[in-house]
Amino acid sequence: MAEIRANLLDQGPQVGEAGATGWRWSPGCRAPPTPTLIARPWHRTVVPALVRSVGARSYVSLMNLKLCEVTSQNVHALMEFPLRPGQERFVAPVANSIAEASVTPTAWPRAICDGDDVVGFVMANFDPDNELAAFRCGIWRLHVSADQQGRGVGRFAVEEVAREARRRGNEQMTVLWVQGDGGPEQFYLRCGLEPTGERLFGQILGARSTHTVATGTPPTRAS
């Protein structure tokens with residue numbers, strides 16, 4: 001992680017400028033950045049052909065999804081996620097999340113991998129002593145590559161965060177999202193996160209039990 005942090009700091013103004021969009025964070029209260037669902041092109045010809053051949057649901061069953069620690073070997077792939085048009089208002093670059101994780105001991109950043117390929121990124125936070133209950137256990141960021149959205153990758157990541165939360169003894173997990181066309185709200189609702197009626201930093205606060213299984217069957221977890 002120290003090597004990754006050094007590489008990010010070498011980018012200088014690029015990291016700071018990117019961080020001006022899509023999230024609000026105050027070190028004083030350790031509030032999370034806006035959770036997101038973002039995209040990058042991936043396997044433009046192979047994946048669409050496979051989906052047409054076997055069907056989207058069958059394609060999901062063929063995936064070998066797992067969460068991997070962020071390392072010097074996969075960090076560059078994580079930096080390559082471009083946004084779809086209109087998503088800029090909901091997201092911040094992965095670089096911001098990784099840089100923040102390097103100075104936030106409670107952050108839990110993970111690459112979402114299908115075999116050896118990076119197909120997304122998720123960052124959770126497990127901070128039982130946070131003064132705000134909403135920030136003690138939950139998802140801070142979620143990114144899924146463009147050609148992988150809608151195939152269960154994001155749902156798999158949500159359930160893996162729930163699994164880790166249960167392992168740590170947490171009964172509830174939260175997420176914040178910004179409402180709007182093209183935003184992540186419908187995705188989080190499908191994953192069982194329901195609005196609590198509370199708003200924090202102008203965002204919707206959603207919560208669910210860590211024992212709730214999202215509607216539908218997530219992809220098989222890699223061993």
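Strand β4 (residues 137-144) and β5 run parallel, joined by two bridges. This is a predicted model, where local features need pLDDT of at least 70, side-chain atom pairs count only at pLDDT 80 or more, and totals for chains, interfaces and linings use all residues. Numbering starts from 1 along each chain as its sequence is written, and side-chain values use heavy atoms, with hydrogens and water left out.

Q: What makes β4 and β5 a pair?
A: Strands pair if DSSP finds at least two bridges between them, and two bridges join β4 to β5.

Q: Why is β5 (residues 172-177) called largely enclosed?
A: Five of its six residues are buried, so the rest of the structure largely encloses β5. Buried means under 20% relative accessible area, with a 1.4 Å probe and protein chains only.

Q: Why does Asn125 count as buried?
A: Its relative accessibility is 1%, so Asn125 falls in the buried class.

Q: How do you know that the side chain of Asn125 makes a polar contact with the side chain of Thr106?
A: The distance is 2.6 Å, and a polar contact is a pair of N or O atoms within 3.5 Å; within protein, one must be able to donate a hydrogen and the other to accept it, and residues adjacent in sequence count only if both atoms are side-chain atoms.

Technical notes. Buried < 20%, exposed > 50% of the residue type's maximum accessible area, 1.4 Å probe, protein only. Helix = DSSP H or I, 4+ residues; strand = E, 2+ residues; numbered from the N terminus.
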